[in-house]
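Open your viewer and get ready to click along. This short tour tells you what to select at each stop and what you will find there.

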Amino acid sequence: METNDSGMPPPTPEEARRALDLAEAEETATRYRPVPGWYYPALAGLVLGLFLLNSIEQPQQPVRTLVAIVTIFLAITVAVLVGRVSFGSSPYRGVRVDGKPLLAGVLVAAVLAIAPALLAGSIGSWIWVVYGIALSALICGFGVAYWRRHRRG
Amino acid sequence: MVEPRFDDLIHAPHRLRICAMLSQAEGIEFGEVLNRSELSKSALSKHLSQLAQAGYVTDTPIVREGRSRQLLSLTPVGRIAYADHLAALQRIIEEST
């Protein structure tokens, strides 16, 4: 191995380990750049709201119209929120994101979102509540893990 | 090909952090690096100047949200030097075990 040219002694193994840990923490902090602290709780709340609205069985007018309007509003808000945080203006360019965990999360979320639509007819609309709580908990859990990882970085 | 090569310039903790944060992106704006490094503006500029003189970092003016900003990036030479430096550190650890 080439040593430094300054005449300074090379780092000890402990110093080298600390330097590598420092570098890894910064690399991780770039890959998992911060999102606002309210993002995951807000997303979980909106998703739970959407699912709870779906659990209402055949409401009468004018409640049906109101439910439809609120559902559309919540769905648009979720789309705008995710879009802005994921693809909005950022001081970072071309971050090297590991897509596998992201894809796995999206797939699990998709299954949790689609399953109650398929099951509600045979089991009952209460299944929307169960899946809504499960999906919201998953989003919150992901948010906590994300926050801890970023904070460590 | 990564070749273990200890780099004094990169090894300084603040410059190591700067190289590490830039290594995972095509570029990061100066203001963000300033926030994350917790250095003063002049201290960060000094470190960046040293890295730029070695050809490791470039500074590109960009406009985002109607404001001029500086986008900092590791050059190909800088990426190689950073990877080689990490490999050198890893080798120091491995040789001790």
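## Stop one: a charged pair

Select A:E26 and B:R36 and show their side chains: they meet in a salt bridge, with 2.7 Å from N to O. Keep in mind as you look that this is a predicted model. How many salt bridges are counted between chain A and chain B? The count is three.

**The side of chain A.** Now select residues 13–31 of chain A, which form α1, and then residues 92–93, which form β1. Each of these two elements supplies at least two residues of the side of chain A that touches chain B. Which element gives the most to that side? It is α1(A), with twelve residues.

**Strand meets strand.** Next, select β1(A) together with residues 27–29 of chain B, which make up strand β1 of that chain. The two strands run antiparallel and are joined by two bridges. To see a bridge partner, click A:Y92 and look across to B:I28 in β1(B).

**The whole contact.** Finally, zoom out and select both sides at once: 28 residues from chain A and 33 residues from chain B take part in the contact. Together, chain A and chain B bury an area of about 2,800 Å² between them, and carbon and sulfur atoms give 58% of it.

Terms used:
Residues are numbered from 1 along each chain as its sequence is written. Chains are lettered from A and ligands numbered from 1 in the order in which they are written. This is a predicted model: local features need pLDDT of at least 70, side-chain atom pairs count only at pLDDT 80 or more; totals for chains, interfaces and linings use all residues. Side-chain values use heavy atoms; hydrogens and water are left out. Contact means heavy atoms within 4.5 Å. Buried area is the accessible area (1.4 Å probe) that two parts lose on being put together, summed over both. A salt bridge is a side-chain nitrogen of Lys or Arg within 4 Å of a carboxyl oxygen of Asp or Glu. Helices (H or I, at least four residues) and strands (E, at least two) are DSSP runs, numbered from the N terminus. Two strands pair if DSSP finds at least two bridges between them.
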